[in-house]
Amino acid sequence: AHSTDSVDVQLAGQPSKAARAGSLMAPTQNIYARSHVSLDGRWSYIIDPYENGYYDYRHMPFDQSDSGKGGFYDDRKPKDKTEWVEYDFDHAPTMKVPGDWNSQAEKLQLYEGTVWLRQAFQADPKPGKHYALYFGAVNYEAHVYLNGKKLGMHKGGFTPFQFDVTDKLAKGRNVVVVKADNTRHQDEIPTVNTDWWNYGGITRDVLLAELPATYIADYKVQLAKGDARRIEGFIQMAGDSKAQQVTVSIPEAGIRTTVRTDANGRAALNFPVNKLTYWSPEQPKLYSVELSGGGDKVVDRIGFRTIETRGQDILLNGKSVFLRGISMHEENPLIPGRPRGAGDMRMLLQWAKEMNCNYVRLAHYPHSEEMIRLADEMGLMVWAEVPVYWTISWTNPDTYANANAQLTDLVTRDKNRASVVVWSVGNETPIGGPRNTFMSNLAKTARSLDDTRLVAAALEIHRKGSDITVEDPLADYLDLASFNEYAGWYWASNAEMLNYRFDVRYNKPVVVTEFGAEALGGYHADADTRWSEEYQDTLYRNQFKMLSAIPGLRGMTPWVLVDFRSPRRQHPYFQDFWNRKGLVTDAGKKKLAFWTMKQFYDDVQRKYA
Ligand code: GCB
């Protein structure tokens, strides 16, 4: 009976069945608020460049053989001294989960390929309960095994996935083994070429959640599109008896309403609200929202706000705002590597707050759910993006299905977060027929899943003489005229850049998604000397002059908050595998341009007050 649950939830706007083979099921909304044990900690690992633990010597996958046995997921030990076994998790090194592998062992710093990770845990499954094994993210392809049996496979390095393990958990000791493979491929999302480190491994939390026989699988509780006086959304029940009476209450706002889910477990939400304190960066008010029904109860913290455009204005709760933003990667430069917890993420967002930002562009892939929840709490609007970056295989239908699934998973996960104001369907993709179709279809997906937020992409610019224009057929599907431009760095220099002018002809808010310059922290010279803090600082000042001349300018997210690691950045002295466009160094020190940026935002804030 349990196996059909996931199918029902898929019908409710989830990725295709094919993308969720095995016992994969749609991730439970707000899993952290459910009864769970964390499987984070130190996991044993085996580096397997030849995928010895996956294929036999004829290169046939063990897990597709008749017995399904023979792979490292068996976690075998010799029965006695006569038996042959050539691997041993118990004597293998360990690494921290969550955590990328590159920054945890020198051997793994530049490694791309397969690593096996194993964790043992105790369980005491109770009859009548559902159990779900949840992964916040594994980069990139994950094959997951529980007690020697395959649960399934998932692709995509930045979105959560979950298995139904209700009938598979043992009482007592259980062993979970993950084959994580971060090999890059042309037809995947992202593709082979990116300007960021391909951190491999189990980079986010692993949880074992216990859910009641009938449970709240998903919900959306948000203000209706452009209507500050009505809440719209849905409830999705799953499990044994899906037709239920469900109550939604927001005690602090005096709201309590009851709906009945249909045979598929679905009910629409649509009710009026009167007095709410709206979420904003100045006052990031979150309400405790309680949903209960069918013997289940879940509590979330949700903010309510409207976001819309009118002509060239961006209206937050009906009031014109300027997006005082910064682009950022999900990377802690100090460890270095992917953040290993909320503290690391708070550090990054706090730097943005110190710069007087009210907005962050979480480039170029879905950041952790925790990051978005912190943005909700700290009062930062968010641009959330999928890794449709540069030269994707535009004509491959599987590649499209993958991008569409990653976008769907992102919207599904973060749709209740007030901070998220923009869904971005990609970055700097080259104009062309198949690409236009691919990306406009993604924009339609984003809108069909969630019509309450803006849909955008980071477009490219064109230069004709000293005129810079943005002309992209994709813009017709987007709410913002948003683009990257590298005046003063990749073209022109500080001395020349002020000769250029922007001509943005769309009657949409202009949001500059990137500009920037590299500077090695502590390297001081004059404003014409590349790599110096002075060069970067002057470039920022010049940018402010250039961009302020655009009538519809309503925001920017310069590139980038912090220096980040990238294999493309080869200069042995200035870069050494770091992209130095950060306003903060890899040691956490603020560069000159950090303060110049803050000054600019202080001035803008006064104008929009
Ligand atoms: C870009 C990309 C970003 C790069 C940046 C750079 O346009 O969107 O991912 O890191 O330029 O530093 O070149």
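Q: What counts as a helix or a strand here?
A: Both are DSSP runs, numbered from the N terminus: helices are H or I runs of at least four residues, and strands are E runs of at least two.

Q: Where does Asn 30 sit in those terms?
A: Asn 30 lies in the loop between β1 (24-25) and β2 (35-38). Asn 30 is not a glycine, yet it has a positive phi of about 60°.

Q: What kind of model is this, and how are its residues numbered?
A: The model is predicted; local features need pLDDT of at least 70 and side-chain atom pairs count only at pLDDT 80 or more, while totals for chains, interfaces and linings use all residues. Numbering starts from 1 along each chain, as its sequence is written.

Q: Back to Asn 30: buried or exposed?
A: Asn 30 is buried, with 21 other C-beta atoms within 10 Å. A residue is buried if 20 or more other C-beta atoms lie within 10 Å of its own, exposed if 12 or fewer, and partly exposed in between, with C-beta atoms placed from the backbone.

Q: Which class does Asn 147 get, then?
A: Asn 147 counts as partly exposed because it has 17 C-beta neighbours inside 10 Å. Asn 147 also has a positive phi, of about 50°, although it is not a glycine. Its place is in the loop between β8 (141-146) and β9 (149-155).

Q: Which residues surround the ligand?
A: Asp 195, His 364, Asn 427, Glu 428, Asn 484, Glu 514, Trp 559, Asn 579 and Lys 581 surround the ligand; the criterion is a backbone-placed C-beta atom within 6 Å of it. By class, this shell has 1 nonpolar, 4 polar and 4 charged residues. Ala, Val, Leu, Ile, Met, Phe, Trp, Tyr, Cys and Pro count as nonpolar, Asp, Glu, Lys and Arg as charged, and the others, Gly among them, as polar.

Q: What domains does the chain have?
A: The assignment gives domain 1 (3-211), domain 2 (214-307) and domain 3 (316-608); such bounds come from an automatic or database domain assignment. The C-alpha centres of domain 1 and domain 3 lie 32 Å apart.

Q: How many residues does each of those two put into the contact?
A: Domain 1 provides 32 residues and domain 3 provides 38 residues, where contact requires backbone-placed C-beta atoms within 7 Å. The side of domain 1 that touches domain 3 has 11 nonpolar, 14 polar and 7 charged residues.

Q: New topic: what is the end-to-end distance of helix α4?
A: The end C-alpha atoms of α4 (residues 397-414) are 26 Å apart, which agrees with the 26 Å that its 18 residues should span. That expected span is 1.5 Å times one less than the number of residues. As for burial, 15 of the 18 residues of α4 are buried.

Q: And which strand does β14 pair with?
A: β14 pairs with β15 (residues 227-239) in the antiparallel sense over 10 bridges; pairing requires at least two DSSP bridges between the strands. Thr 214 stands opposite Gly 239 in β15. The two strands form a hairpin with 2 residues between them, and Gly 226 in the turn has a positive phi of about 60°. Since 10 of the 11 residues of β14 (residues 214-224) are buried, this strand is largely enclosed by the rest of the structure.
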